[in-house]
Amino acid sequence: MTKRRTAEPYKIKAVEPLNILSHEERKQALEKAGYNTFLLDSQDVYIDLLTDSGTSAMSDQQWGSLMVGDEAYAGSKSWYRLQEAVREVYGYKYVLPTHQGRGAENLLSQLKVKDGDYVPGNMYFTTTRAHQELNGGTFVDVIIDEAHDPNAELDFKGNVDLNKLQNLIMEVGAERIPFVCLAVTVNMAGGQPVSMANMREVYELCQEHGIDVMYDATRCVENAYFIKEREPGYQNTPIKDILKEMFAYSDGCTMSGKKDALVNIGGFLAMNDEELYTRSRELVVVYEGMPTYGGMAGRDMEAMAQGIYESVDDHYIEHRIQQVRYLGDQLIEAGIPMVRPIGGHAIFLDARAFLDHLDQDQFPAQALAAALYLDSGVRAMERGIVSAGRNKETGEHNKPKLEMVRLTIPRRVYTNNHMDVVADSVIELYQKRHQIKGLQMDYEPPTLRFFNARFSPKEVALLEN
Ligand code: F0G
């Protein structure tokens, strides 16, 4: 008998109707948006795969919990519920709420990073690195080399290269390294996981040198699932227990609740060190709010507490990862170039290989994302030369090795039928890829240009019919 199929481990109680525009309407919307998917209006989008951040569907329990949110300025009951959830599931002693992940990154970097410091990490994330740099630090990528190769098939492509970390410690000295920032999973590498063994080794090495290990726990539950699936000895371990062990190899974490904690807004900073906690309490009031709300409404804290418990349900997380894979497998089958293996939250199309008739300075990933919208109303995100910006010294475009279009799957929002629509569109575009033209940039903002830049086709049309 073939493998028995499974379905979404939830049923639908409220629906949000989707707008489906005609090809002509989409063409107009795309022109209005300057061929930049960030500038499209959500009402013009059919299936929105721009990000998995803050786009999760909440459960009926979470919606119910909004009603019991305690909006007291200080000492809210909802805060205690959130604190309890983080302590129970993540295992850290101290927790501070923040409005989202970057709020926690700001506090951590201000408290620990000094001028001339180095912060090693397994590939950068935009906001995380920005806070390290704003405080005078230099980010150092210590991820394994294979993470930069879309075709390298490894179970744990997010792992730290211990030699790189060891060499950095030798080179600059442990006292210049305030902490190692370990992302589980690694967003920019394609949602790739870190193995438990690697976490343990990183932690042991850092302990020897008195360096803290701080996780970027944004997609930690997805990472735990890959460990259960791929690392010997964990096949029968509940996700909750795997997570607990993961966090035992760290001193604290920053968290964007907008991803794995299944809420639309919120985050936290957590740690075991009392002294760091005391200093964080002093700083959180400057940037976020009282230590018992930290930029969140009581109802948001209530919903996040509930989301944290739901996120470690084994059926939920299995379906989550399998849905991303359901889309990815169809694309692999059709020979679409993409980052492999398929990661936890997204499919990353390899736009350079997809549109190999375009030079990188014709913005292949931007053009592909625009063509995908035009073809089917599916919104994706450019992660390539536009996102990488310009070199500060030379003024030239940074030309990243990975030129990608990210199809990011929101949690519990779409069914596998939606994934089929996406797959059909990508596959058809691949068949007529040579008709997709390059773009030129007509307006370029000086910072974080990908958000607001405007483009137009180099030739008459983006996609010839
Ligand atoms: N760390 C990682 C790995 C992230 O992916 C993000 C956000 C953050 C930190 C910051 O969290 O948005 O709550 O302040 N990633 C979103 C994305 C924006 O689309 O990948 P935040």
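## Overall fold

In the protein chain, 73% of the contacts with a separation of 6 or more join residues 24 or more positions apart, a contact being heavy atoms within 4.5 Å. The model is predicted: local features need pLDDT of at least 70, side-chain atom pairs count only at pLDDT 80 or more, and totals for chains, interfaces and linings use all residues. Residues are numbered from 1 along each chain as its sequence is written, and side-chain values use heavy atoms, with hydrogens and water left out.

The chain has 17 helices and 14 strands, which are DSSP runs numbered from the N terminus (helices H or I, at least four residues; strands E, at least two). Its radius of gyration is 22 Å, close to the 23 Å that the globule rule gives for 465 residues, so the chain is as compact as a globular protein of that length. That radius is taken over C-alpha atoms, and the rule is 2.2 Å times the number of residues to the power 0.38. Of the 465 residues, 59% count as buried (under 20% relative accessible area, 1.4 Å probe, protein chains only).

## Second largest pocket

A pocket is an open set of points on a 1 Å grid over the protein atoms alone, with protein on both sides within 12 Å along at least five of seven lines; lining residues have an atom within 4 Å of a point. The second largest pocket has a volume of about 1400 Å³, where a volume is the space filled by probe spheres set on points joined across faces, edges and corners. Its lining holds 37 residues, of which A14, E16, A57, R412 and V413 are the closest to its centre. Two or more lining residues come from each of α2 (60-67) and α12 (314-333).

Because domain 1 (23-52 + 314-457) and domain 2 (61-311) both contribute to the lining, this pocket lies between them. The domain bounds come from an automatic or database domain assignment.

## Cavities

A cavity is a set of grid points where a 1.4 Å probe fits but cannot get out. There are two cavities of 30 Å³ or more. The largest has a volume of about 50 Å³, and its lining includes E105, Y215 and D216. At least two residues of that lining come from each of α4 (101-112), α5 (126-134), β5 (179-183) and β6 (212-216).

The second largest cavity holds about 30 Å³ of space. Among the residues that line the second largest cavity are G190, Q192, M338 and F348.

Note on methods: Buried means under 20% relative accessible area, exposed over 50%, partly exposed in between (1.4 Å probe, protein chains only).
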